Amino acid sequence: MPTPAVLVGVDFGPGSSFDPTLDELALLAQSAGDDPVVRITAKRKAPDAALFVGSGKADEIKAAVQTHQARGVIFDQALSPAQQRNLEQHLGVPVADRTALILDIFAARAQSHEGKLQVELARLQYQATRLVRRWTHLERQTGGIGLRGGPGEAQIELDRRMIGERIKTVKSRLEKVKKQHQTQRRAREKSGALRVSLVGYTNAGKSTLFNALTKSRTLAADQLFATLDTTTRQMWLAEAGKSVVLSDTVGFIRDLPHKLVDAFRATLYEATEADVLLHVVDAASPLAGEQMAEVERVLEEIGAERIPQILVFNKLDLIEPAAEPRVLADAIERAPGVVTPRVFVSAKDGRGLDVLRQHVATRLDPRLNGAALPTLSTLPSHDPVHGAA
Ligand SMILES: Nc1nc2c(ncn2[C@@H]2O[C@H](COP(=O)(O)OP(=O)(O)OP(=O)(O)O)[C@@H](O)[C@H]2O)c(=O)[nH]1
Ligand SMILES: [Mg+2]
């Protein structure tokens, strides 16, 4: 049974990441097994230090919790440990923020040994800062504020030490796994195979495209973060008369917790070592532009911003005929002087995939023949954005 939950998003004005629809948060909540029953938005100049929202809004949320018999409240932004604790006291139900939700989904989805270790590390680091909450609960049990050195404090010290030790263990295990993978990678590098990596916002259709291009059956699902572990397969490029190695990776999302990016650095290594990135975009999404920008930000964070890209505008079949692009392959200027080829495809019905393959072959052609790739700025520039972008 999914847990009924109230969703809350606060608009802090220009520059803050506020989604008035809360659709993405709802999808995240569903992916985590919650049932979003009400959505509440608020507008404020700055977060309230104690409650994040104003006390009037907090009361409105409380009323909604009672009316809908919700068992939790989820905020679309990151809460401080104190705000989370105060809100839980005020609302009388558990409170989670976007970060906790993403960590929970990752924890539920992780499959490989490495993926599990990475998520555990990120969660432990998140918990380590939240321990104060536990302390106040214990404090209350043992007689209230002012009682120092009681069992509450001893317990917290113990928990903190245990978490610290666990973090150390997990880190050293991760090191070991990483070394093994390095050896495997070196073997692959020696084989000289060219590498192509799929990157993009979560739910853009990377796995569907991966399956279509390699004729395999990786899980593709209408959920956020369906894929957590990097999957790698050979892709035959008839156009080049050669195989390349194609990898499907974890999706990105707005406000991806930094600790998670850190923890997943090894998984994302595949992307940072690729010869070409296929940046998959859900062309039918009204937020396609923001999502692309977010992907660029994460690519920069992992040091992959200089790898040549091909933009793959996917879900062509969902674009209204009236809004359909005039040409299905062109180039756009992603950043000043950085011109990137773009191809419209439908991973679902296969439209445009031949053109995409051709582009990959062309992009890799100098490498296939042992020469260096041209710089991005030497590519021809066409009319920039049109259609769904
Ligand atoms: N209509 C349509 N749906 C598509 C297309 N490509 C993917 N989808 C659907 O979009 C949803 C997400 O697809 P996935 O391939 O799992 O997306 P992903 O990018 O791998 O997502 P994560 O692994 O969660 O980051 C699924 O329900 C797919 O069936 C397409 O070309 N057209
Ligand atoms: Mg996927």
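**A friendly note on this predicted model**

1. Let's start with helix 5, which covers residues 113-128. Helix 5 has 16 residues and reaches 22 Å from its first C-alpha to its last, close to the 22 Å expected at 1.5 Å a residue (the expected span is 1.5 Å times one less than the number of residues). Helices here are DSSP runs of H or I with at least four residues, strands are runs of E with at least two, and both are numbered from the N terminus. Among the buried residues of helix 5 are Leu117, Val119, Leu121, Leu124 and Tyr126; buried means under 20% relative accessible area, exposed over 50%, and partly exposed in between, with a 1.4 Å probe and protein chains only.

2. A word on how to read the values. This is a predicted model, in which local features need pLDDT of at least 70 and side-chain atom pairs count only at pLDDT 80 or more, while totals for chains, interfaces and linings use all residues. Residues are numbered from 1 along each chain as its sequence is written, chains are lettered from A and ligands numbered from 1 in the order in which they are written, and side-chain values use heavy atoms, leaving out hydrogens and water.

3. Now the whole chain. The protein chain has twelve helices and eleven strands, and 50% of its 389 residues are buried. Of the contacts with a separation of 6 or more, 69% are between residues 24 or more positions apart (contact means heavy atoms within 4.5 Å). The accessible surface comes to about 18,700 Å², with 52% belonging to carbon and sulfur atoms; such areas come from the Shrake-Rupley method with a 1.4 Å probe, and for residues only the protein chains shown count as cover.

4. Please look next at the aromatic rings. The whole structure holds three aromatic pairs, where rings of Phe, Tyr and Trp (its six-membered ring) pair if their centres lie within 6.5 Å, and planes under 30 degrees apart count as stacked, over 60 as edge-to-face and the rest as tilted. Phenylalanine 12 and phenylalanine 52 form an edge-to-face pair, 5.4 Å centre to centre with 85° between the planes. Phenylalanine 12 is in the loop between strand 1 (3-11) and helix 1 (23-31) and phenylalanine 52 in the loop between strand 2 (34-43) and helix 2 (55-67), so this pair ties together parts 40 residues apart in sequence.

5. Phenylalanine 52 is buried, at a relative accessible area of 3%. Phenylalanine 52 also pairs edge-to-face with phenylalanine 75, at 5.8 Å centre to centre and 90° between the planes. That pair links distant parts of the chain, since phenylalanine 75 is in strand 3 (residues 72-75), 23 residues from phenylalanine 52.

6. Glutamine 83 lies in helix 3 (residues 81-91) and is buried at 8% relative accessibility. Among the residues touched by glutamine 83 are Pro47, Leu51 and Phe52. A polar atom of the glutamine 83 side chain lies 3.0 Å from the backbone oxygen of aspartate 48.

7. Finally, two backbone angles to check. Leucine 22 is not a glycine, yet has a positive phi of about 60°; leucine 22 is in the loop between strand 1 and helix 1 and is buried at 1%. Asparagine 203 has a positive phi of about 75° and is in the loop between strand 5 (195-200) and helix 8 (206-214). At 22% relative accessibility, asparagine 203 is partly exposed.

Methods:
A polar contact is a pair of N or O atoms within 3.5 Å; within protein, one must be able to donate a hydrogen and the other to accept it, and residues adjacent in sequence count only if both atoms are side-chain atoms. Lists of a residue's contacts leave out its neighbours within four places in sequence.
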